[in-house]
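User: Could you go through this model with me before I plan anything around it? I would like to start with confidence and then turn to charged pairs and a helix.

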Amino acid sequence: MTPVVSRIGILALQGAFVEHKAALERLPYHRKLEVIFVKTPEELAQCDALIIPGGESTTIALLARLSGLFEPLKEFVKDKPVWGTCAGAILLSQVAENTKKGGQELLVVAGTETKLTLMQVESFEAELTVSGLKDPERPFNGFFIRAPVVVKLHPGPEDPPIQVIASLSPNLLPPALQSPDHSDEPKTFVGLRQGLHFLTTFHPELTNDDRFHEYFVRECVFANKRT
């Protein structure tokens, strides 16, 4: 029997956590993984890596605080692989604009600044340019649901470089976010990696294309186990 190499937790307080588990279990090396839902500090402590799903970022932060998970999460993200999708990407950001009254608690780990401006009132799908995934020449069909926008990258001098893994065509940005001089970067960046941390402003788990899950496991989770 192949031994489990890594245990990946999925924060299961609110949002699309079931879909992430299904995607991970479809991967070809799923026998090396154990996937668990995380609702308590004790469950988080068992994990080698974590996915923070999409949902509503202030609700996830509040539920994490009420369940005693918020401070353990802040410690966990310092040196463990973590992937945030949509709301999860907001929580991993250093700064969040346009938050609800009272502000937004953040885990403050990735060198990004997100704007809680809606991409579009309704959800939409768009082909993304991808880098680092398997078959990078094949576009990824991204599913956006009231997605946040990356407005600034500001890694510290000692931080790992930020890599753009997925980007959106500038003409798909809402008119209010498009720049007159067409300098829309980094607003077009919808998938970013910084060291062990991975952010996507869309929902890869809502498609049958598992390349983002494969990338996270291969490049962040397994790579960290080798170091």
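User: OK, what is the mean pLDDT of the chain?

Analyst: The mean is 83, and 82% of the residues reach 70 or more, where pLDDT is the predictor's confidence in each residue, from 0 to 100.

User: And where is confidence lowest, and where highest?

Analyst: Confidence is lowest in strand β6 (residues 110-115), with a mean of 52, and highest in helix α2 (residues 41-45), at 97. Over residues 115-121 the pLDDT is below 50, although this stretch has 30 contacts in the model beyond near neighbours in sequence, a contact being heavy atoms within 4.5 Å. Where pLDDT is low, the predicted coordinates should not be read in detail. Helices (H or I, at least four residues) and strands (E, at least two) are DSSP runs, numbered from the N terminus.

User: Switching topic, how many salt bridges are there?

Analyst: The structure holds twelve, counting a side-chain nitrogen of Lys or Arg within 4 Å of a carboxyl oxygen of Asp or Glu.

User: Which residue does E219 pair with across distant parts of the chain?

Analyst: E219 in helix α6 (residues 211-226) pairs with R193 in strand β11 (residues 189-194), 26 residues apart, and their closest N and O atoms are 3.7 Å apart. E219 also meets R218 in a salt bridge, at 2.6 Å from N to O. Through shared partners, K134, R193, E214, R218 and E219 are joined into one network.

User: Is R193 buried or exposed?

Analyst: R193 counts as buried, at 12% relative accessibility, whereas E219 is partly exposed at 25% and R218 is partly exposed at 24%. Buried means under 20% relative accessible area, exposed over 50%, and partly exposed in between (1.4 Å probe, protein chains only).

User: Last one, which residues of helix α3 are buried, and what covers them?

Analyst: In α3 (residues 57-66) the buried residues are S57, T58, I60, A61 and A64. Seen down the axis of α3, they fall within an arc of 160 degrees, so they line one face of the helix; the arc is that of the directions from the helix axis to the C-beta atoms. Their cover includes β1 (6-11), α4 (70-76) and α5 (87-92).

Note on methods
Residues numbered from 1 in each chain as written. Predicted model: local features only at pLDDT ≥ 70, side-chain atom pairs only at ≥ 80, totals over all residues. Heavy atoms only, no water.
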